[in-house]
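Please look at the sequence and the structure shown here before reading on.

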Amino acid sequence: MFSQNPIMNGPNYSFNDAPPKANAPEGARQHRFDPYTDNGGSTLAIAGADFTIMAGDTRLTSGYSINSRYHPKVFKIGGTTADQHDATLVLSVVGFAADGEALKERLDTICKMYRYRHGKPMSVKACAQRLSTILYQKRFFPYYAYAILGGLDDEGRGAVYSYDPVGSYEREQCRAGGAAASLIMPFLDNQVNFKNQYVPGSGEGHALQERERNPLSRGAVEILVKDAFDGAVERHIEVGDGLQMMVITKNGIEEILQPLKRD
Amino acid sequence: MDHRPQAWGRPRDDVYGAYDGSYFQNSGPKFATQSPVVTGTSVIAIKFKDGVVIAADNLASYGSLARFTNVKRLRVFLDTTVVGFGGDVSDMQYLDRHLNELAIDESYENDTTETAAATTTSSSDPSSTSTQTPNNPAGSLNAANLHKYLQKLLYRRRNDFDPLWNHILVAGLDASSKPFLASVDLRGTAFTSPSLATGFGAALAQPIMRRYAATEEDAAKLTREQAVDIIKECMKVLFYRDARSLDKYSIAVVTKDGVELKEEEQLEKQSWAFAERIHGYGTQTV
């Protein structure tokens with residue numbers, strides 16, 4: 001008659017052997033906290049012959065609201081001090097802003113520890129592999145952030161490494177990330193990798209020759225980046241307000257801020 | 001019938017069903033806040049030339065019920081920073097206790113009684129001491145530090161799937177004594193802006209505040225009186241249109257001279273004339 005009958009159910013009314021809940025399976029909840037949001041924004045990276053340009057807009061959104069008009073997505077990484085004056089690497093993160101910031105701070109700490117232990121800054125190649133490991137370590141509760149890492153490789157050439165949220169990565173000539181990636185990437189394919197560009201009058205069908213691929217100059221890339229973002233701002237509501245550009249050369253990292261449409 | 005003392009006063013299973021003891025279990029999943037219960041609505045704030053103005057009404061709602069009408073949602077930290085809480089009130093009270101502890105620890109580590117006495121006797125230059133408020137010497141937590149702390153706290157809790165269901169504004173001064181205003185939400189997303197608003201305020205008050213302070217430069221031109229007027233106007237608009245709001249509110253002005261907090265403000269010069277022209281909502285048929 002009584003389920004807590006002492007003879008039936010052991011010695012007493014201890015909390016530990018209180019009967020389990022009959023209905024609803026273990027752990028079932030009607031409402032569940034969603035730990036992720038998308039804060040919009042877009043990033044872009046292009047590697048040149050002896051430089052890399054990393055760029056991102058500065059808008060932070062949630063839904064249709066603009067939370068902030070100046071929230072940088074592009075960061076110097078691994079300098080000796082907090083002001084990053086001697087940094088050699090740049091990381092851009094876009095997606096869920098809180099995860100992006102946490103990821104940035106972890107990678108920055110790791111690069112600082114590396115510099116402290118080895119007495120030299122981390123190479124892009126090493127940092128790129130480490131970033132992949134960090135992302136993959138959280139494979140089952142990922143950082144919801146699309147990261148791009150930029151710097152100069154051992155030969156002084158521009159290097160861009162792009163990632164997905166769980167750590168798959170590859171070195172590329174250029175990459176767009178975030179909300180307007182699908183708008184910017186085809187433009188980059190055409191303008192940086194010269195896809196679908198042919199030598200005029202070189203022939204018909206298979207005889208048609210592709211345009212020769214040459215690395216772009218710094219001035220050309222800066223204009224390309226601005227054009228890419230102006231296009232994205234026009235067609236994507238989550239992109240706008242400001243354009244932040246980091247130019248990495250052997251002389252250091254130069255930061256450029258330009259206005260974008262604020263509508 | 002079981003007449004033994006162990007069964008006395010217990011509901012009968014054949015009448016009430018087996019007792020659900022899952023509440024007492026200390027193994028298995030944790031019972032984290034999965035939705036807010038008693039909630040506060042918008043917090044709004046705007047920067048001006050030498051500080052920040054922040055306001056929130058004094059209502060804590062239980063769903064659509066105006067449950068507690070005298071809840072203070074602005075909290076002063078170390079006499080130099082104001083924290084405004086939107087969202088769950090019990091989580092706010094937990095954070096309030098936590099910040100009290102933090103403030104006490106900070107005050108012990110940066111004991112001002114000896115050093116303050118030493119500086120007044122040794123230095124004859126009054127300007128060196130006037131830049132600091134008595135309870136916040138350089139080295140103790142400023143608004144920017146506190147905001148970072150709260151961001152880490154809330155992000156940690158979201159990682160544990162045990163969020164503190166709040167959207168928080170932090171108003172004060174940063175390390176270089178410039179006005180500081182920033183926000184952090186239950187997922188640990190943090191950002192700054194010349195003006196900020198949580199909840200309904202993001203839709204209703206933020207556009208009004210951005211008319212006056214679209215950029216940091218615009219905000220740096222605003223006087224204290226202008227900033228207070230803008231905030232009061234926004235609180236009025238929020239009371240007109242946010243059904244979970246109250247005409248009694250708290251307002252605080254943070255400058256380098258400290259915090260001036262008023263917790264019993266009443267909305268002034270309301271005009272509901274506009275309501276006459278509204279047609280077509282709810283049960284109205286004509």
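In this predicted model, the second largest cavity is lined by Ile77(A), Gly78(A), Thr88(A), Leu89(A), Cys111(A), Arg115(A), Pro121(A) and Met122(A). By class, this lining consists of five nonpolar, two polar and one charged residues.

Two cavities of 30 Å³ or more are counted. The lining of the largest cavity includes Thr41(B), Asp57(B), Arg73(B), Met235(B) and Phe239(B). Helix α9 of chain B, residues 224-241, gives the most to this lining, with three residues. The table sets out the volume and the lining of each cavity.

| Cavity | Volume | Lining by class |
|---|---|---|
| Largest | about 40 Å³ | four nonpolar, three polar and three charged residues |

Cys111(A) counts as buried, because its relative accessibility is 2% and the cut-off for buried is under 20%. The count of disulfides over all chains is zero. Cys111(A) is accordingly in no disulfide, and the nearest cysteine sulfur, that of Cys127(A), is 3.5 Å away. In chain B, Cys234(B) is also buried, with a relative accessible area of 1%.

Which residues of helix α3 of chain A are buried? They are Ala181(A), Ile184(A), Met185(A) and Leu188(A), in a helix that spans residues 181-191. Seen down the axis of α3(A), these buried residues fall within an arc of 105°, so they line one face of the helix. What covers them includes β1 (42-47), β10 (174-178) and α4 (218-235) of chain A.

Technical notes:
Residues numbered from 1 in each chain as written. Chains lettered and ligands numbered in written order. Predicted model: local features only at pLDDT ≥ 70, side-chain atom pairs only at ≥ 80, totals over all residues. Heavy atoms only, no water. Buried < 20%, exposed > 50% of the residue type's maximum accessible area, 1.4 Å probe, protein only. Helix = DSSP H or I, 4+ residues; strand = E, 2+ residues; numbered from the N terminus. Arc of directions from axis to C-beta. Contact = heavy atoms within 4.5 Å. Disulfide = S-S within 2.5 Å. 1 Å grid on protein atoms, 1.4 Å probe; cavity = no way out; pocket = protein on both sides within 12 Å on 5 of 7 lines; lining within 4 Å. Points joined across faces, edges and corners; volume = space filled by probe spheres on them. Nonpolar A, V, L, I, M, F, W, Y, C, P; charged D, E, K, R; others polar.
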